[in-house]
Amino acid sequence: MVIGASAGGVEALSVLLPALPVGTAQPFFIVLHLPRDRPSVLVEVFRPRCALYVEEAEDKIPVQPGTIYFAPADYHLLVDKGPQLALSTDEPIHFSRPSIDVLFESAADRYRDRLLGIILTGANEDGTNGLAAVHRAGGVTVVQDPGSAQSPFMAESALSRTPVNYVLSLAGIAALLTTLK
Amino acid sequence: MDAQVSVSDFEIELQLLIDAIYLKYHYDFRGYAEASLKRRLATAMLRVGCASLSQLQDRVLREPETFSVVLDFLTVPVSDRFRDPHFFRSLRESVVPLLRTYPSLKVWIAGCSTGEEVYSLAILLREEGLLERTLIYATDINPQVLKKAEAGVFELSRMAGFTENHQRSGARSSLSDYYTAAYGGAVFDKTLKQHVVFSDHSLATDSVFAEVQLVLCRNVLIYFRRELQDRALGLFREALCRRGFLGIGSKETLRFSAHADGFDELVREHRIYQKKEAS
């Protein structure tokens, strides 16, 4: 599972992530756009509120099932052979590092049709190309309903470019995630 | 292993291209991490105007200029390496006091790229009164990039960010004391460079060349697979003097390395390590 979000993302993830039940087998990789000049506090924010284990990505960590990985500030997150987490300090994409496109494209390459990609609220188009890559690889694409998003731009941009399997409110996305085996 | 792993054409061509580069130009990318390598080569392919890696390989073999372009994509992350004031502050507070005890200092910056970290460190050492007794070895595999680093000219537009980071790292002086505006850019004080030797070096193929008190290798290891990381860390371990210091990138880790037991964590948060006594 890969999730990308920007403006309004913490609030959106606060609805989704705590809803994931113990026993969820899949790993989750999340890029939330962050200020580049200070460490991320996402793990402190989400760890106490989630049944699943929450960790900040470090280079070469083996991917564990049922774990939520957040991209750290000022690094791109990729999924490498293993599977392992991989980081990069290559140029920002759509002014973003971490970039949603980088994560989604890398995950699409590694997981192919076993991937579910979710684009949430955000004010820039990072994620549009990434979601398209998920679709091309045969994965499932989900976009937060722009009407319900704090910042609809990211979702609208994704919708205009790629066929999307599900357009849902946050509650709908949470329900979808809990039905996965 | 049950099912046969299907390998894409791109992956096949990637392997062939990496082999071609090694055979023709003797740059060894065979130990690089796959995900970032794929991404960089896909970008290089598009920018050079090739429709496939096989086409790119054809041009790389026949056109050294094209190889040079590809080499840049593989070795120069266009990143703001004046970043990370937290690391430099930590270096200043935790490592510099210990470096003072050495009558002469050698530092190795492995993968120095276009030199931002070299000048950042030289300035820090000068402020601390240590530069005069220090020799910095700044190495990289890309000769173009070494030339740039040696020139020490940076875009003026980047200086504001650098100045801010400089202040935030606990600097005692103003960054503008160390550069002048010339040649359309910011030129660093020549006397900083007098303490730096810029040199070609490959962590994949070359050996240790000096004993040093401090090694900085930040956000380079992320591009290597584990075996190559271990090779590089082995070089650092060998190069470091007794109780010498190693600084790596803020989200890099020694945890999964064969050399994890050779180092103590000195400042865990900023990934500064100290070589163990009996190492």
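At 19% relative accessibility, B:Lys251 counts as buried in this predicted model. The side chain of B:Lys251 forms a salt bridge with that of A:Glu56, with an N to O distance of 2.7 Å. The pair crosses between chains: A:Glu56 belongs to strand β3 (residues 53–56) of chain A, and B:Lys251 to the loop between β8 (240–248) and β9 (263–267) of chain B. A:Glu56 is likewise classed as buried, because its relative accessible area of 16% falls under the 20% limit.

A further contact between the chains is made by B:Arg40 and A:Asp90, whose side chains meet in a salt bridge at 2.7 Å, N to O. B:Arg40 lies in helix α2 (residues 34–48) of chain B and A:Asp90 in the loop between β6 (84–88) and α3 (100–111) of chain A, so this pair joins two chains. B:Arg40 has a relative accessible area of 6% and is buried. A:Asp90, at 16% relative accessibility, also counts as buried.

A salt bridge within chain B is found between the side chains of B:Lys276 and B:Asp264, at 4.0 Å from N to O. This pair links distant parts of the chain, with B:Lys276 in the segment after β10 (272–275) and B:Asp264 in strand β9, 12 residues apart. Both partners are partly exposed: the relative accessibility is 30% for B:Lys276 and the relative accessible area is 29% for B:Asp264. Salt bridges with shared partners also join residues of both chains into one network, which consists of A:Lys81, A:Asp109, A:Arg110, B:Glu11, B:Glu34 and B:Lys38. Over all chains, the structure holds 35 salt bridges.

Chain B contains an open sheet of 7 strands in the order β6-β2-β1-β7-β8-β10-β9, with mixed pairing. Its edge strands are β6 (196–200) and β9, each of which pairs on one side only. The twist from one strand to the next averages 20°. Strand β9, at one edge of this sheet, is also the strand that holds B:Asp264, the partner of B:Lys276 described above. Elsewhere in the sheet, strands β1 (residues 105–110) and β7 (residues 212–217) of chain B run parallel and are joined by 3 bridges. In this region, B:Trp108 has B:Val215 of β7 as its bridge partner. In general, strands of a sheet pair through backbone hydrogen bonds, either parallel or antiparallel.

The count of cavities of 30 Å³ or more comes to 4. The largest cavity has a volume of about 300 Å³. It is lined by 23 residues, of which B:Tyr32, B:Gly111, B:Ile141, B:Val220 and B:Phe224 are the closest to its centre. Helix α4 (64–75) and strand β2 (134–140) of chain B each supply at least two residues of this lining. Strand β2 is also a member of the 7-stranded sheet, placed between β6 and β1 in the strand order.

Technical notes
Residues numbered from 1 in each chain as written. Chains lettered and ligands numbered in written order. Predicted model: local features only at pLDDT ≥ 70, side-chain atom pairs only at ≥ 80, totals over all residues. Heavy atoms only, no water. Helix = DSSP H or I, 4+ residues; strand = E, 2+ residues; numbered from the N terminus. Buried < 20%, exposed > 50% of the residue type's maximum accessible area, 1.4 Å probe, protein only. 1 Å grid on protein atoms, 1.4 Å probe; cavity = no way out; pocket = protein on both sides within 12 Å on 5 of 7 lines; lining within 4 Å. Points joined across faces, edges and corners; volume = space filled by probe spheres on them. Pairing = 2+ DSSP bridges. Axes fitted to C-alpha atoms, helices over the stretch in contact; angles between N-to-C directions.
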